[in-house]
Amino acid sequence: MADISREELEKMIEKAKREQQAMLDRMTPEEREAAELRAKKLIEEDNARMQKLIDDAAAMSAASAPKEKKAPGFCPNCGAPADSGKFCSFCGSPLTTADNS
Ligand SMILES: [Zn+2]
């Protein structure tokens, strides 16, 4: 159901913005102001909805990826790339790497 790609969502948002802008260009200042407020609200609601879809999709793909496994060579404390030393050269934490081969 949520079978829309991020790219398509962004295109839809862009298109809606352009259409609204084209409409605004043909209006009187009063109409424009009222319509602008309405449009802004609609766009915000749409964006929130779409952002949720994007977040859900991202959460799903993150959940399917192995995330417990930390890449070796990164400090578990500060996340700085660590070279072969036993301690992080940035924060000094011991680098707990499982394999010591
Ligand atoms: Zn560190």
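Tutor: The model is predicted, so local features need pLDDT of at least 70, side-chain atom pairs count only at pLDDT 80 or more, and totals for chains, interfaces and linings use all residues. Residues are numbered from 1 along each chain as its sequence is written.

Student: How many helices and strands does the protein have?
Tutor: It has two helices and zero strands. Helices (H or I, at least four residues) and strands (E, at least two) are DSSP runs, numbered from the N terminus.

Student: How do you know that the span of α2 agrees with its number of residues?
Tutor: The expected span is 1.5 Å times one less than the number of residues. Helix α2 (residues 29-64) has 36 residues, so it should span 52 Å. Its end C-alpha atoms are 51 Å apart, which agrees.

Student: What about the 20 residues of α1?
Tutor: They should span 28 Å, and the end C-alpha atoms of α1 are 29 Å apart, so that agrees too.

Student: Why is M23 called partly exposed?
Tutor: A residue is buried if 20 or more other C-beta atoms lie within 10 Å of its own, exposed if 12 or fewer, and partly exposed in between; C-beta atoms are placed from the backbone. M23 has 14 such neighbours, so it counts as partly exposed. M23 is found in helix α1 (residues 6-25).

Student: What makes α1 and α2 hardly covered?
Tutor: The count of buried residues is zero in α1 and zero in α2. In the protein, buried residues make up 3% of the 101 residues.

Student: Why are α1 and α2 called roughly antiparallel?
Tutor: Axes are lines fitted to C-alpha atoms, for helices over the stretch in contact, and angles run from 0 to 180 degrees between N-to-C directions. Angles under 35 degrees count as roughly parallel, over 145 as roughly antiparallel, 65 to 115 as roughly perpendicular and the rest as oblique. The two helices pack at about 180°, with axes 11 Å apart. They are therefore roughly antiparallel.

Student: Which residues is I13 in contact with, leaving aside its neighbours within four places in sequence?
Tutor: Two residues are in contact if their C-beta atoms, placed from the backbone, lie within 7 Å. By that rule I13 is in contact with D46, N47 and M50. I13 is found in helix α1. The C-alpha atoms of I13 and M50 are separated by 9.0 Å, and the two are 37 residues apart along the chain.
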